[in-house]
Amino acid sequence: MGLFDRFKNQESKGQEFFCIVGLGNPGRQYEETKHNVGFHVIDKLAKKYDIEVNKFKNKAFVGDGTIKGKRVLLVKPQTYMNLSGESVREIVNFYKIPQERFVVIFDDTSLPCGSVRIREKGSHGGHNGIRNIIDQMGTDEFNRIKVGIGEKPSGWDLADYVLAKFNPDDLPMMEQGMDKAVQGVELMLSRGIKEAANRVNQKAKTAKKQKEKEEAAKAEAEKKENEEKPNEVNAE
């Protein structure tokens, strides 16, 4: 029995399964770009729960497994970002997946690096992958996990920005953000969308603020150390 037959049989028996889609662009040249955050979150989920996302179906790499006691289908569309909806529409229609069991994970320039937001619906916000999914599905009412990649710098073209690699200083915050997105998926599966949003939708500290805090603490420690030192006699 194939992967898709197995899931269709589960649905016919009333056994729920969830579809988790991460957006990105296929190809080695795009692997480390900002626009591929969705792919990376799927990879983290796959690694954590030992799910192989290597079967090619409906214009996507897919893998099935279990997360938090729920059957899941992990999906990485291979249509390139602007046509993500073509793959998503085929998968959703094939399984007749309802809104509450469909999740899309993607990058967001309106959020600081490492911030994560869970939403039940909303506009595309300028994201071409989400725009195409909305166009193809005919609705903006689907669950989403947005991972902040930072605002586009002044003078940059948006396409150039999202297809660029991260600044090394931002990588620690992005790793935390992607891990938080994984946590968001786990909470959605185990406690539902509203509880997941309540727990996850908190502002993450930016790398800059964290660095400033560390430098302030270091300066304070040095000041305290100097105050405690006895006066020294100049022997020169």
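**Helix packing and sheet architecture**

In the predicted model, the crossing formed by helix 6 and helix 7 is right-handed. The contact draws on Lys 180, Gly 184, Leu 187, Met 188 and Arg 191 from helix 6, and on Ile 193, Glu 195, Ala 196, Arg 199 and Val 200 from helix 7. Divided by class, the residues of this contact of helix 6 with helix 7 comprise five nonpolar, one polar and four charged. Helix 6 spans residues 171-191 and helix 7 spans residues 193-200, and the two pack at an angle of about 150°, with their axes 7 Å apart. Because angles over 145 degrees count as roughly antiparallel, helix 6 is described as roughly antiparallel to helix 7.

Helix 6 also packs against helix 2, at an angle of about 60° and with the axes of the two helices 9 Å apart; the crossing of helix 2 and helix 6 is again right-handed. On the side of helix 2, the residues involved are Val 37, His 40, Val 41, Lys 44, Leu 45 and Lys 48, and these meet Met 174, Glu 175, Met 178, Asp 179, Ala 181, Val 182, Val 185 and Glu 186 of helix 6. In terms of class, the contact of helix 2 with helix 6 contains eight nonpolar, one polar and five charged residues.

The sheet is open and consists of seven strands in the order 2-3-4-1-5-7-6, with mixed pairing. Its edges are formed by strand 2 (55-57) and strand 6 (116-119), each of which pairs on one side only, and the twist from one strand to the next averages 25°. Strand 2 runs antiparallel to strand 3 (residues 60-67), to which it is joined by three bridges, and within this arrangement Lys 55 stands opposite Val 62 of strand 3. Helix 6 packs on the sheet, where it touches strand 1 (17-22), strand 3, strand 4 (70-77), strand 5 (102-108), strand 6 and strand 7 (143-148), and the direction of helix 6 makes about 165° with that of strand 7.

A further helix pair is provided by helix 3 and helix 4 (residues 128-137), which pack at an angle of about 45°, with their axes 7 Å apart; the two helices are therefore oblique to each other. Helix 3 passes helix 4 in a crossing that is right-handed. The residues that meet are Ser 84, Gly 85, Glu 86, Val 88, Arg 89 and Val 92 in helix 3, and Gly 129, Asn 132, Ile 133, Gln 136 and Met 137 in helix 4. The class composition of the contact of helix 3 with helix 4 is four nonpolar, five polar and two charged residues.

Six aromatic pairs are found in a search of the whole structure, among them the pair of Tyr 30 and Tyr 80, which is edge-to-face, with 6.3 Å centre to centre and 80° between the planes.

Notes: Residues numbered from 1 in each chain as written. Predicted model: local features only at pLDDT ≥ 70, side-chain atom pairs only at ≥ 80, totals over all residues. Heavy atoms only, no water. Axes fitted to C-alpha atoms, helices over the stretch in contact; angles between N-to-C directions. Helix = DSSP H or I, 4+ residues; strand = E, 2+ residues; numbered from the N terminus. Parallel < 35°, antiparallel > 145°, perpendicular 65-115°, else oblique. Left-handed = near helix turned anticlockwise from the far one by under 90°. Contact = heavy atoms within 4.5 Å. Nonpolar A, V, L, I, M, F, W, Y, C, P; charged D, E, K, R; others polar. Pairing = 2+ DSSP bridges. Phe/Tyr/Trp six-rings, centres within 6.5 Å; stacked < 30°, edge-to-face > 60°.
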